[in-house]
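Open the model in your viewer and keep the selection panel at hand. The tour below goes from one selection to the next.

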Amino acid sequence: MKKQPHIILKNIFGYDNFRPLQEQIINRTIEGKDSFVLMPTGGGKSMCFQIPALIFDGITIVVSPLISLMKDQVQALKSNGIKADFFNSSISTKEENEVITKAINGDLQLLYLSPEKLISVSNTWLKQLNIKLVAIDEAHCVSMWGHDFRPEYTQLKTFRNSLPNVPFMALTATADKSARKDIETQLGLSNSKLFISSFDRKNLSIEVRGQVAKKKKLQEIVSFIKRRKNESGIIYCLSRKNTEEVASFLKADGHSVAFYHAGMTFDEREQTQTDFINDDLKIVVATIAFGMGIDKSNVRFVIHYNLPKNLEGYYQEIGRAGRDGLPSETVLYYNMRDFVLYSQFADDGANTAMQKEKLNRMLQFAEAKSCRRKILLSYFGEHLTENCGNCDVCENPPKDFDGTILSQKALSGIARMKEKDGITMLINVLRGSNNADIHSKQYFTLKTYGIGKDVSFFDWRDYVIQMANQGLIEIMYAESSALKITPIGWQVLKGEKTIRLTTPIAAADKKKAQKTLKIATEGEVNKDLFTELKKIRLAIAKEENMPAYIVFSDKSLKLMASELPTTENEFLAISGVGMNKMEKYGEEFMSVIRPFKNVAKPRKTPTTIKTYNLYKEGLNPKEISENRGLSITTIFSHLSQLYMEGKKVDLEKLVAKEVVDKVRVVFNEFDRKIELKPIYEKLNEQVSYGEIRLSITLILKNE
Ligand code: ADP
Ligand code: ZN
């Protein structure tokens, strides 16, 4: 039978529907054609090459510069029963050889490589592989226009040319129009189709707080965090010193927090990152060095302690919140000092003019008076028709007026200057200024010369920025920041559309948004059950040495806590539960859910019976676990359940009496709460989760 994309989506990944564009991209790839995929962080890019990889009869090569992300992705794939591995500088020679053998033997469906490694092996064993697809993740790294240029990426074209008949897929979350063209050329994607999905992340609320003094800022952050107990979050700071200061301030207030910056040793950084991913650490205060390699889906808030350098970076950073699609919050603090400081940095660096322009746009966003999401999206070339209702401006809208005529003056100026100049020249022409540039370009002969004399330079600047923010014009950074008119802009110019502008007001007069930050509301989710489910998830994650969200996402757990699945079919219907996870973890989760559903007698599901049959054949738990490919904790939980049901399972033989006695003491001490982790910790991690589970069963059953 031909493998169908949507069947794989459901059976392997546990999802019911494709997100927009995923299916088209997958189909095009299966046809053997190149694609360029532009989707926001968390948009679901990986699925676009993972599903073809499972359909093709060969191997898919994934190039990614982010070493830690590779490990995560591979782990996530493996947890769904997919044959995947990675090859980068973090693995030993022995491991390298194992991966090579697997790849050559056709034992891998996906192989992740760093660009350096790819280049170094492209003429050796890689040549022997039956490569069916190549995915270039973070493709913006190939472009000098981008903010994250990596020289190794420029050599990928040679690789592309060596595989002329293999489909290539470039994926990125950030690339403006000029960068996009550049990426296609650099990678040699001559015939690729561009897929741009909406960059709108509706689940992220956007809030900006300007000119807040340091002390107040810290207080606000503390009370923000207090209201979000046990939620994961990231606080971005400008300097290393800042990260340490803010972290120690929060720590003193009793929060689970650590700092992260490039000045720490590799091991320290790894540890912090791992703790965060594994939910052992709730909040990380970091420079922007943090997060690139992080795929954690349950980050609930991102706070910027300072103004980011550009909107690309800002959007990528806030995009790390709410990847699971649940409501998440973002707050940006800024003051003019950040701006001045960055301007000075920019003066020292390369690409100065472009960086400064981007910084200006960042500031304009922060100071904007119209829907922030509209502004952000229009920066990425996407024009929303409605205000979002989920940003601070939408919640506290400023006064506006009909700005059609004013806009038409500016647009007509841009048109007459043939869309070749930037904002300063435009305003000088509108205001009829007299300078050398205007003379040399003969702009004083234009009809628009001097038609905007009555408006001050600064007000014009404000209006033009509002126009850009509303998608009437675009600023082309790669072309000396020339202003170009968008289709909406032409409509306004031709009088087919009206436009609202807001009166510029001095920053000091700005009414501060007074709203209190919302907390994500939950529907029918049973919170106690959710807490319980999180606990088993953490226990499994610890035992299997993988991040909790790879076991199941927050979203899947919430669905479990509202849908209350207690049969295999119901459990499989939960988004994010595929066959493999059902087999591995289903029983353990359902046994927690059952009491909440008042299902008196646990159903005999085939999976426990399978375990029982092997047990009856005389296999010990370890052998059963190996035989079934399930974790030992799962097997113990099956055995406990069988025992509770009255099956002949000799639990006493499986756990020593001394151990049961030890567990009993602690179990009683904790008021007989069936929570494995505290008991595990109290016993100095000496007794395994499985043994604790068996002991509790014995204690409860035998009294
Ligand atoms: P990106 O690489 O674009 O940042 P990911 O590929 O990591 O995003 O996907 C983000 C999350 O969305 C992952 O947890 C992924 O499993 C999930 N996801 C992807 N496609 C779907 C889908 N069709 N339905 C539900 N969840 C999806
Ligand atoms: Zn809005």
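For the classes used at the first stop, Ala, Val, Leu, Ile, Met, Phe, Trp, Tyr, Cys and Pro count as nonpolar, Asp, Glu, Lys and Arg as charged, and the others, Gly among them, as polar. Keep in mind that the model is predicted.

Select ligand 1 and the residues around it. By class, this shell holds four nonpolar, seven polar and four charged residues. Of the 15 residues there, Tyr15, Asn17, Gly42, Lys45 and Ser46 come nearest. Helix 3 (residues 45-55) gives the shell its largest share, three residues.

Next, show the polar atoms around the ligand. A polar backbone atom of Asn17 is 2.8 Å from a nitrogen atom of ligand 1. At Gly44, a polar backbone atom lies 3.1 Å from an oxygen atom of the ligand. For Ser46, look at the side chain: an N or O atom there is 2.8 Å from an oxygen atom of ligand 1. On its own the ligand has 570 Å² of accessible area, and the protein covers 82% of this.

Now move to strand 4 (residues 110-113). In a regular strand the side chains alternate between the two faces of the sheet. Here both faces are covered, with Leu110 and Tyr112 buried on one side and Leu111 and Leu113 buried on the other.

Val63 stands opposite Leu113. Ala84 stands opposite Leu110. Finally, trace the chain from strand 3 through helix 5 (residues 93-104) to strand 4: this β-α-β crossover is right-handed.

Definitions and conventions: Residues numbered from 1 in each chain as written. Chains lettered and ligands numbered in written order. Predicted model: local features only at pLDDT ≥ 70, side-chain atom pairs only at ≥ 80, totals over all residues. Heavy atoms only, no water. Near = heavy atom within 4 Å. Polar contact = N/O pair within 3.5 Å; in protein donor to acceptor, adjacent residues only side chain to side chain. Areas by Shrake-Rupley, 256 points an atom, 1.4 Å probe, with all protein chains shown as cover. Helix = DSSP H or I, 4+ residues; strand = E, 2+ residues; numbered from the N terminus. Buried < 20%, exposed > 50% of the residue type's maximum accessible area, 1.4 Å probe, protein only. Pairing = 2+ DSSP bridges. Right-handed = clockwise from strand over helix to strand, strands pointing away.
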